[in-house]
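This briefing covers one protein chain, from its overall build down to two of its residues. Look at the sequence and the model before reading on.

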Amino acid sequence: MNDIATLFLAGLAGLLLGAFFFGGLWWSLVKGLTSRHPGLWQFTSLMVRMGLTLAGFYAVGGGQWQRLEACGSGFVIARVGGMGLDAALKAFRAVVPQHRA
């Protein structure tokens, strides 16, 4: 496969890994707030997210630092994008009145 296409796919995989990791972090924090055992939720979530993310990095990298770098860049872009999305949602909620049922 073309080198540029391979790096693009590695970056896309990193983006998906980042969305999984940080989305899972958000989910576990929300779930932990209402759980009887929040520490167990956090620890289990950390182990699952970390294990799957590291396995994904290992699979995507394939022993090539260029692919690993592209994957890491996608991961960071997912984090920055998530922060931007969170800020946009907070700004939207501040402007638009919430209807209560």
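Helices (H or I, at least four residues) and strands (E, at least two) are DSSP runs, numbered from the N terminus. This is a predicted model, in which local features need pLDDT of at least 70, side-chain atom pairs count only at pLDDT 80 or more, and totals for chains, interfaces and linings use all residues. Residues are numbered from 1 along each chain as its sequence is written, and side-chain values use heavy atoms, with hydrogens and water left out.

**Whole chain**
- The protein chain has 3 helices and 0 strands, in the order α-α-α from the N terminus.
- Along the principal axes, its C-alpha atoms fill a box of roughly 55 × 35 × 15 Å.
- Of the 101 residues, 23% count as buried (under 20% relative accessible area; exposed is over 50%, partly exposed in between; 1.4 Å probe, protein chains only).
- Among contacts (heavy atoms within 4.5 Å) between residues at least 6 apart in sequence, 67% join residues at least 24 apart.

**T53**
- T53 belongs to helix α2, which covers residues 38-61.
- T53 counts as buried because its relative accessibility is 4%.
- Beyond its neighbours within four places in sequence, T53 contacts L17, F20, F21 and F75.

**C71**
- Helix α3, residues 65-95, contains C71.
- C71 has 0% relative accessibility, so C71 counts as buried.
- Residues up to four places away in sequence aside, C71 touches A10, G11, A13, G14, L17, F57 and V60.
- C71 and A13 are 58 residues apart in sequence, yet their C-alpha atoms are 6.3 Å apart in space.
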